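Here's a friendly walk through the structure shown below. Keep it open beside you as you read.

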Protein chains: 2
Amino acid sequence: MNTPKAVVLLSGGLDSATVLAIARSQGYELHAISFDYGQRHRFELAAAEKVAQANGVTSHVLFRVDTSIFRGSALTNDIPVPHNRAESEMSSGIPVTYVPARNTIFLSVALGLAESLQANDLFLGVNAVDYSGYPDCRPEFVQAFERMANLATKVAVEGGRIRVHAPLIHLTKGQIIQQGLQLSVDYGLTHSCYDPAPDGASCGECDSCQLRLKGFAEAGVKDPVRYVLR
Amino acid sequence: MNTPKAVVLLSGGLDSATVLAIARSQGYELHAISFDYGQRHRFELAAAEKVAQANGVTSHVLFRVDTSIFRGSALTNDIPVPHNRAESEMSSGIPVTYVPARNTIFLSVALGLAESLQANDLFLGVNAVDYSGYPDCRPEFVQAFERMANLATKVAVEGGRIRVHAPLIHLTKGQIIQQGLQLSVDYGLTHSCYDPAPDGASCGECDSCQLRLKGFAEAGVKDPVRYVLR
């Protein structure tokens, strides 16, 4: 029997690095896909490359998405990234860092890659506990995408089944980190900060850094990435 | 009250030109989106541009999708396009011209554009009667995508509703052409052939040409596009 293949969405952040290690631990042949969507900085994609190599992936595709047609997100435009927001603020409403239909677009492209590789399993690092209020990180979104994928594709029509795995969806950031450490994830290779210094050091103050630091505190370990000194 | 906006997927073919005219007749402000996905030829995108202009669209975006990562489709690779297939052959199984997850990817990008324009309505020219056996042209796919879109997006979370309109889905090719002619669609601007001559003339023999010619015969009018002389 052939080894089953998985397509893993890899951002270079903490969550997707953990997901890649989970897919590896389940015995899949790993095919990573990362997206260049005009992020403010390149540290994230460089981190994705390092994480892919460290996991011995069979292939790693960088897919360019021209999001210049999408307006209104701080992650791709000139809107300032918010710093030092209170947790209550983070969990109320959808933040300016929301990119229109981002996970829908990324999962759709990953689905096309999966079909062409004859992979039936997609892995995605979304999380609905310690998250930033994005609608496309919720379990009901993931389920609806999976259902749609099983009507959209040749494999499904021919009797196969596409599965969208979101193994972190109900974990806290601390639990994600604990699980990753059990699987020997090197979090020093990952990058989470929305607004890093020119040398790549994390700001420690954006939503993403705050969630990350909270997670390491919960897990009772020190975050190995560098933060700017203040 | 503001005029509602619609994002219309425009391929340059007969169906999407008809859909654009339908959306226009319903009073929407029109925003067209076309996809460059490494098609074998450029006639289709040139046709999309002409059709957009003829309908007075407010904007027309050309979105480049790098599908080089997807293998196995005659529309983007070196697999020969089949000619002169019998109708029974066309309706059995999924043809080699299938592009992995194509409509899923196109609709996802259109959804991102719709969110950024604050448009709640997407229009798509898929058809489940005179079609080529693509799974992502069926009504159950369109419904599942709409459902997913209403979980994926900010507008839906905030109480709005995304609608995916597929007004041709239950029409024959002949009925589509009749409806288009009532709306003054100039089918001479459209392009359907998968395998045109270097000067743009349609082959008359690929699945797409055969469906088109059958449709014009049913509608009782002559197809205004040029075909190669044999």
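A residue is called buried if 20 or more other C-beta atoms lie within 10 Å of its own, exposed if 12 or fewer do, and partly exposed in between, with the C-beta atoms placed from the backbone. By that count, 53% of the 230 residues of chain A are buried. Keep in mind that this is a predicted model: local features need pLDDT of at least 70, side-chain atom pairs count only at pLDDT 80 or more, and totals for chains, interfaces and linings use all residues. As for names, residues are numbered from 1 along each chain as its sequence is written, while chains are lettered from A and ligands numbered from 1 in the order in which they are written.

**Chain A at a glance**

Helices (H or I, at least four residues) and strands (E, at least two) are DSSP runs, numbered from the N terminus. Chain A has eight helices and five strands. Two residues are in contact if their C-beta atoms, placed from the backbone, lie within 7 Å. Among the contacts in chain A with a separation of 6 or more, 71% link residues 24 or more positions apart.

**The sheet**

Strands of a sheet pair through backbone hydrogen bonds, either parallel or antiparallel. Here, two strands pair if DSSP finds at least two bridges between them. In chain A, five strands make an open sheet with the order S3-S2-S1-S4-S5 and parallel pairing. At the edges you'll find S3 and strand S5 (163–165) of chain A, each pairing on one side only. On average, neighbouring strands of this sheet are turned by 25° against each other, direction ignored.

| Strand pair | Bridges |
|---|---|
| S1(A) and S2(A) | five bridges |
| S2(A) and S3(A) | six bridges |
| S4(A) and S5(A) | three bridges |

A:Val8 has A:Ala32 in S2(A) as its bridge partner, and A:Asp36 stands opposite A:Arg64 in S3(A). Over in S5(A), A:Val164 is the bridge partner of A:Leu122.

How much of strand S2 (residues 29–36) of chain A is buried? Six of its eight residues are, so to speak, under cover: the strand is mostly buried. S2(A) also belongs to a right-handed β-α-β unit, together with S1(A) and helix H1 (residues 14–25) of chain A. A crossover is right-handed if, with the strands pointing away from the viewer, the path from the first strand over the helix to the second runs clockwise.

**Chain B**

In chain B, five strands form an open sheet in the order S3-S2-S1-S4-S5, again with parallel pairing. Strand S3 (59–64) and strand S5 (163–165) of chain B each have a single partner strand, so one side of each is left without a neighbour in the sheet. Three bridges join strand S1 (residues 5–9) of chain B to strand S4 (residues 121–123) of chain B, and the two run parallel. In this chain, B:Val7 stands opposite B:Leu122 in S4(B).

Helix H2 (residues 43–54) of chain B lies across S2 and S3 of chain B, at about 175° to S2(B). Axes are lines fitted to C-alpha atoms, for helices over the stretch in contact, and angles run from 0 to 180 degrees between N-to-C directions.

Now look at B:Gln175, in helix H7 (residues 173–182) of chain B. B:Gln175 counts as partly exposed because it has 18 C-beta neighbours inside 10 Å. B:Gln175 and B:Ala219 are 44 residues apart in sequence, yet their C-alpha atoms are 6.8 Å apart in space.

**Where the two chains meet**

37 residues of chain A are in contact with 37 residues of chain B. On the chain A side, the elements giving two or more residues are strand S3 (59–64), helix H4 (102–117), helix H5 (139–152) and helix H6 (154–157). The largest share, ten residues, comes from H4(A). By kind, the chain A side divides into 21 nonpolar, seven polar and nine charged residues. Ala, Val, Leu, Ile, Met, Phe, Trp, Tyr, Cys and Pro count as nonpolar, Asp, Glu, Lys and Arg as charged, and the others, Gly among them, as polar.

How do the copies relate? The same surface serves both copies, as 100% of the contact residues of chain A recur in chain B.
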